[in-house]
Amino acid sequence: MAYSFENELIRCMPNLQRYACKLTRDANAAEDLLQDCMARALSRQHRFEPGTNMQAWLTTMLKNLHFNNLQRDRHVTKVELWDGAMSVDAAQMSRLVFRDVDRAFSSLTPSQRKVVKLVAIEGRPYQEAAETLNVSIGTIRSRLCRARERLNTLMTA
């Protein structure tokens, strides 16, 4: 039977799998490491000299891949997410939304801005806002209603 690089590669896999498990101490990581090693071996097939020890060649390749991964992981922060993890919008998106809200707020009349600021932003009761602006509670309610409608219209457009 003629020499076959692929057959020899397959023959070496069980020993490489055991070695990968020993290096990583994690079955999933070992499987990934072995897969990376096989891919690298196939891409560098032209560098292997038939008749030499393929097991040693692959073991060295596997070990170097593992140490490269460890070196790279030192400089990378890993974050694990679980089901139900809270997602965070990108900062750029938040800035754009803030810019749109600011523009919409600026388009309100000065009296509407004052009412929105007192009631919606500062959380003051209608009575206190009415006393501060020296108007009736009904005026506060109508200005706030018109301001909210205007903001909704501008933000959905």
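1. Let's start with Glu-122 and Arg-124, whose side chains form a salt bridge with an N to O distance of 3.0 Å. Here a salt bridge is a side-chain nitrogen of Lys or Arg within 4 Å of a carboxyl oxygen of Asp or Glu. Arg-124 is partly exposed, at 29% relative accessible area (buried means under 20%, exposed over 50%, partly exposed in between, with a 1.4 Å probe and protein chains only). Salt bridges with shared partners link Lys-117, Glu-122, Arg-124 and Glu-128 into one network.

2. This is a predicted model, where local features need pLDDT of at least 70, side-chain atom pairs count only at pLDDT 80 or more, and totals for chains, interfaces and linings use all residues. Residues are numbered from 1 along each chain as its sequence is written, and side-chain values use heavy atoms, leaving out hydrogens and water.

3. How far apart are the closest N and O atoms of Glu-122 and Lys-117? They are 3.3 Å apart, in another salt bridge. Glu-122 is partly exposed at 37% relative accessibility, and Lys-117 is partly exposed at 44%.

4. Now look at Glu-8 and Arg-11, a salt bridge with its closest N and O atoms 2.5 Å apart. These residues are about one helical turn from each other because they sit three residues apart in helix α1 (helices are DSSP runs of H or I, at least four residues, numbered from the N terminus). Glu-8 is partly exposed at 21%, while Arg-11 is exposed at 51%.

5. For the overall tally, a search of the whole structure finds six salt bridges.

Key:
Helices (H or I, at least four residues) and strands (E, at least two) are DSSP runs, numbered from the N terminus.
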